[in-house]
Amino acid sequence: MAYRLTVANRATVEISEAYEWYQEQRPGLGAEFLEALDVQFQAIIQSPQLYAQTQRGVRRALLRRFPYGVFYASKGEIISVLAVVR
């Protein structure tokens, strides 16, 4: 099955804030954060049921290298990223 990933507005804001914070710490680190996030998004698309449920219907995938979790829900072919938080 081909999945389609959508990102909630709240998650988009959280991603933007994290990017900006990492960029302030070291130029280029924000881009590395986005790359790690993209790798995790691709892994979720490949195997959405792989990650543990934190609540009924909500799963969490942890980023490598950055202390963030991607919280998402899937229904049919749609994977909805609900939050990207520490």
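The legends below describe close-up views of a predicted model. Local features require pLDDT of at least 70 and side-chain atom pairs count only at pLDDT 80 or more, whereas totals for chains, interfaces and linings use all residues. Residues are numbered from 1 along each chain as its sequence is written, and side-chain values use heavy atoms, with hydrogens and water left out.

**View 1. The five strands form an open sheet of mixed pairing.**
The strands, taken as DSSP runs of E of at least two residues and numbered from the N terminus, as are the helices (H or I, at least four residues), follow the order S1-S5-S4-S3-S2. Two strands are said to pair if DSSP finds at least two bridges between them. Strand S1 (4-7) and strand S2 (53-55) stand at the edges with a single partner strand each, so one side of each is left without a neighbour in the sheet. From one strand to the next the twist averages 35°, where angles run from 0 to 180 degrees between N-to-C directions and axes are lines fitted to C-alpha atoms, for helices over the stretch in contact.

**View 2. S1 pairs with S5 in the parallel sense.**
Four bridges join these two strands, and Leu5 stands opposite Ile79 in S5. Helix H1 packs on the sheet and touches both S1 and S5, its direction making about 45° with that of S5; contact here means heavy atoms within 4.5 Å.

S2 and S3 pair in the antiparallel sense over two bridges, with Val58 in S3 as the bridge partner of Gln55. Arg65 is exposed, with a relative accessible area of 57% (exposed means over 50%, buried under 20% and partly exposed in between, with a 1.4 Å probe and protein chains only).

**View 3. Helices H1 and H2 pack against each other.**
H1 (residues 9-25) and H2 (residues 29-46) pack at an angle of about 140°, with their axes 6 Å apart. That makes H1 oblique to H2, since angles under 35 degrees count as roughly parallel, over 145 as roughly antiparallel, 65 to 115 as roughly perpendicular and the rest as oblique. Among the residues making the contact are Ile15, Ala18 and Tyr22 of H1 and Phe33, Leu37 and Phe41 of H2. The contact residues divide into 10 nonpolar, three polar and no charged, with Ala, Val, Leu, Ile, Met, Phe, Trp, Tyr, Cys and Pro counted as nonpolar, Asp, Glu, Lys and Arg as charged, and the others, Gly among them, as polar.

**View 4. The largest nonpolar core contains 20 residues.**
Such a core is a set of buried Ala, Val, Leu, Ile, Met, Phe, Trp, Tyr and Cys residues joined through side-chain atoms within 4.5 Å. Phe33, Leu37, Leu63, Phe66, Tyr68, Val70 and Val84 touch the most other members. The elements giving two or more residues to this core are H1, H2, strand S4 (69-75) and strand S5 (78-85), and the largest share, six residues, comes from H2. Not counting residues up to four places away in sequence, the residues touched by Tyr68 include Ala18, Tyr22, Phe33 and Val84.
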